[in-house]
Amino acid sequence: MKARVRARPAPAPKVGFVSLGCPKALVDSEHILTRLRAEGYDISPTYADADLVVVNTCGFIDSAVDESLDAIGEALHENGKVIVTGCLGAKGSVVKDAHPSVLAVTGPHATEEVMDVVHQHLPKPHDPFTDLVPAQGIKLTPKHYAYLKISEGCNHRCTFCIIPSMRGDLVSRPVGDVLQEAEHLARAGVKELLVISQDTSAYGVDVKYRTGFWKGRPVKTRMTEMVRAMSDLGVWVRLHYVYPYPHVDEVIPLMAEGKLLPYLDVPFQHASPRILKLMKRPASAENNLARIRAWREVCPDLTIRSTFIAGFPGETEAEFEELLAFLEEAELDRVGCFAYSPVEGAAANELPDPVPDEVRQERRERFMQTQEKISTRRLARKVGKEIAVLVDEVDGNRAKARSAADAPEIDGIVYVDNARWLKAGEFTQVRVTRSDEHDLFAEALNT
Ligand code: SF4
């Protein structure tokens, strides 16, 4: 009698992955990685071990284009089989001109197209172990926080930005899908959800705030209703890229009630009405100072983060000083500033009176010096207070943590002493003992 020999399963095909760019690109990467794992592909940590490599690119500013082209070159050199996706892919023939041997080029949020090309060059394994994929998908962020993308694209046409030409007009995800993803993430142990999009306050405009369903109950496709539903999940919910439209006022009471993190990331970009008009910024006609004051009256603990551009074409010294005066008056907590950098294809490049490069840089430095003093002052007010933090990592007796005022990667850190018993991903109470320009120093309580 012949013995039956069970065939050994063939090793799973391996895909290398390089993810560049902003949190929105990171979410695209997570979707592609989730699909790859769901179909039974392995993810290879090295180029040499991979059967092919996917490079998710960024094309926002010239340095990002260079970084993306270098990454593609390296992957081609080390591996030879490369699929390019992401924002740079949407910029015409830039990739093909620099690297004609890539297998394919797609634009951003193109999971299906990327998967089609992967299937052509690396056939799908016969028996995918779909149960290996956790319900929340594959995450590139540490397990206790996750980015949650609620929409794609943007209906605005800011003159310095080429994102709408790369990512198209606003397309909101169905509110039921967003809330289900949020629920999966919370169940999987995520403690903080970072809500992202190009324009979070515009969520649902494209579908006329259609009513969707979550857990059998109706929920409007609209920022306020979505975050109110999310607040039932018992995790931190942090809002990014919110423009100061009047309806943003509706979420501030939720923050004051502790249902939503008292944190708003509002990219103001400038304070001079003329420059905001030249920039074609959404909500540029709003009285932002009055709005900030009103928000703080309702929610005194509110942290406001923003970004600005110094040296936009046509900006005069007086207009720049108007921006500095706004900064002093608004006392924002967290601020980033870029010296204007012309992005290929942006309408602002055609504006008259460009500001010389050295003036742009000098204005940026003055801006940051002003903000540093404001930030130091605001953080010093927290010394002696007890605050809740989420622990990111522990090293011996010291932990790195973040408070409600600190988004990961971009804001400050709370360095916690007496932290031996803490674990990454847990909430704890600390007492603030000291502060500097950006960070807080604290002692753990209850240890
Ligand atoms: S709001 Fe303006 S800066 Fe933001 S993505 Fe849309 S066009 Fe670009």
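Which residues surround the ligand? In this predicted model, the ligand is surrounded by Cys 154, His 156, Cys 158, Phe 160, Cys 161, Ile 163, Pro 164, Gln 198, Tyr 243 and Arg 281.

**The ligand shell**

Sorted by class, the shell around the ligand has seven nonpolar residues, two polar residues and one charged residue.

Five strands form an open sheet, with parallel pairing and the strand order 2-1-3-4-5.

Strand 1 (residues 14–19) and strand 2 run parallel and are joined by three bridges. Within this region, Val 15 stands opposite Ile 43 of strand 2. Helix 2 (residues 62–78) lies across strand 1, strand 3 (52–57) and strand 4 (82–86). The direction of helix 2 is at about 180 degrees to that of strand 3.

The description now turns to pairs of packed helices. Two packed helices are described by the angle between their axes and the distance between the axes.

Helix 6 (residues 175–187) packs with helix 7 (residues 223–230) at an angle of about 30 degrees, and their axes are 10 Å apart. Angles under 35 degrees count as roughly parallel, and helix 6 is therefore roughly parallel to helix 7. Their crossing is right-handed. Helix 6 contributes Val 175, Val 178, Leu 179 and Ala 182 to the contact, while helix 7 contributes Met 226, Ala 229 and Met 230. By class, the contact of helix 6 with helix 7 has seven nonpolar residues, with no polar and no charged residues.

Helix 11 (residues 317–330) takes part in a pairing with helix 10 (residues 288–298); the axes of the two come within 10 Å and cross at roughly 10 degrees. Helix 10 and helix 11 are therefore roughly parallel to each other, and the crossing is right-handed. On the side of helix 10, the residues that meet helix 11 are Asn 288, Leu 289, Ile 292, Arg 293 and Arg 296. Their counterparts in helix 11 are Phe 326, Glu 329 and Ala 330. The residues of this contact comprise four nonpolar, one polar and three charged.

Helix 11 also packs with helix 12 (residues 357–380), their axes coming within 10 Å and crossing at roughly 10 degrees. That angle makes helix 11 roughly parallel to helix 12. The crossing of helix 11 and helix 12 is right-handed. From helix 11, the contact draws on Glu 317, Phe 320, Glu 321, Leu 323, Leu 324, Leu 327 and Glu 328. From helix 12, Arg 363, Arg 366, Phe 367, Thr 370, Gln 371, Ile 374 and Arg 377 take part. The contact of helix 11 with helix 12 divides by class into six nonpolar, two polar and six charged residues.

**The closed barrel**

Five strands make up a closed barrel that runs 16-17-18-20-19, with mixed pairing. From one strand to the next, the twist averages 50 degrees.

Strand 16 (residues 386–395) and strand 19 (residues 427–435) run antiparallel and are joined by five bridges; here Ile 387 stands opposite Val 430 of strand 19. Strand 17 (residues 398–403) pairs with strand 18 (residues 414–417) over three bridges, also in the antiparallel sense, and Ala 401 is placed opposite Val 414 of strand 18. By contrast, strand 18 and strand 20 (residues 440–444) run parallel, with four bridges between them. Tyr 415 has Phe 441 in strand 20 as its bridge partner.

How values were computed
Residues are numbered from 1 along each chain as its sequence is written. This is a predicted model: local features need pLDDT of at least 70, side-chain atom pairs count only at pLDDT 80 or more; totals for chains, interfaces and linings use all residues. Side-chain values use heavy atoms; hydrogens and water are left out. Axes are lines fitted to C-alpha atoms, for helices over the stretch in contact, and angles run from 0 to 180 degrees between N-to-C directions. Angles under 35 degrees count as roughly parallel, over 145 as roughly antiparallel, 65 to 115 as roughly perpendicular and the rest as oblique. A crossing is left-handed if the near helix is turned anticlockwise from the far one by less than a right angle, and right-handed if clockwise. Contact means heavy atoms within 4.5 Å. Ala, Val, Leu, Ile, Met, Phe, Trp, Tyr, Cys and Pro count as nonpolar, Asp, Glu, Lys and Arg as charged, and the others, Gly among them, as polar. Two strands pair if DSSP finds at least two bridges between them. A residue is near a molecule or strand if one of its heavy atoms lies within 4 Å of it.
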